[in-house]
Amino acid sequence: MSTTESPERPVPEQAESPEPAGAAPVPAPRRSRRTLRRLTLAVALGLVAGACAGYLVQAGRTPDKLPPLSQPSLAQATGNGPAPLSAAQDHQVKVDGDLRKLLLKRPGGTRANPAIESDDGWLDLTAYAETYTKPDVSFSNLLGEDFRRAATTGWIESGGRTVEIRLIQFRQVEARSAESVAFDARTWAADDDHTRTWPVPGTGDGEFFVHDRPDSRFGSGYVAEAHAYRGDIVMEMWVGDTRPVSPARIRELARAQMERL
């Protein structure tokens with residue numbers, strides 16, 4: 001019995017993979033992106049339209065009255081107000097007048113001090129800067145410190161003792177210039193090993209200085225000086241003599257001058 005061989009069945013071919021392994025993902029269709037953009041725009045427009053509609057509705061309403069403040073009413077004062085201060089009591093009126101009138105009067109029996117370079121008692125900015133050892137630097141500094149005006153007086157006593165007094169006023173718009181200038185002057189005056197120092201009565205931090213050795217700035221004579229301030233005015237004083245100056249003498253002069261301010 002012969003055996004019939006079965007025909008070979010064809011092996012089905014494997015379908016090729018549409019994407020190789022490790023390939024990048026296929027981007028989403030363009031139609032999905034367009035839909036998302038349209039939805040976002042619609043939401044934004046809806047928010048804007050809602051805000052505008054709410055504003056228009058609120059703007060058309062009558063404003064509500066605010067509740068009254070919970071405090072009692074204050075009674076208006078009656079009668080006349082206080083009388084204005086006199087010129088003697090008003091410090092501002094006093095110092096805004098003729099600054100020369102606040103200087104000590106020249107005592108009787110004395111003569112004018114020729115070292116004072118002023119014919120009428122006033123010192124302008126240039127003239128006052130010239131009293132310093134470096135006038136150009138002092139001129140610039142005084143401008144920055146709001147220099148307003150300065151007045152001076154002085155005399156020569158019997159025996160040759162000299163006195164010179166200056167009052168310097170500042171505008172003090174942005175800084176307390178008078179306090180700063182007086183402090184610098186006291187610092188320079190104390191910068192000497194042969195100097196004694198005492199406070200000027202009634203001035204807080206005002207001081208007078210007695211130099212116990214001759215000073216070439218004053219013709220090789222002995223010098224005492226005082227520096228203080230009150231409000232916007234600085235007081236500067238020098239007493240020179242051929243022998244050491246008595247502390248009591250300059251103390252009394254400085255006290256009397258500051259009392260006039």
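Begin with the lining of the second largest pocket, which by class has four nonpolar, six polar (Gly among them) and five charged (Asp, Glu, Lys and Arg) residues. This is a predicted model, in which local features need pLDDT of at least 70 and side-chain atom pairs count only at pLDDT 80 or more, while totals for chains, interfaces and linings use all residues. Residues are numbered from 1 along each chain as its sequence is written, and side-chain values use heavy atoms, with hydrogens and water left out.

Next, select D120, G121, T152, T153 and G154, the closest to the pocket's centre of the 15 residues that line the pocket. The space there is about 260 Å³. Strand β3 (residues 147–156) contributes the most to this lining, with three residues.

Move to R166 in strand β4 (residues 162–170). Beyond four places in sequence, R166 touches (heavy atoms within 4.5 Å) residues including T152, M235 and W238.

Of its 26 residues, L167, M235, M237 and I250 touch the most other members. Suppliers of at least two residues each include β3, β4 and α6 (247–259). Apart from this core lies another of 14 residues, among them L123, A178, Y229 and V234.

Methods: 1 Å grid on protein atoms, 1.4 Å probe; cavity = no way out; pocket = protein on both sides within 12 Å on 5 of 7 lines; lining within 4 Å. Points joined across faces, edges and corners; volume = space filled by probe spheres on them. Helix = DSSP H or I, 4+ residues; strand = E, 2+ residues; numbered from the N terminus. Core = buried A, V, L, I, M, F, W, Y, C linked by side-chain atoms within 4.5 Å. Buried < 20%, exposed > 50% of the residue type's maximum accessible area, 1.4 Å probe, protein only.
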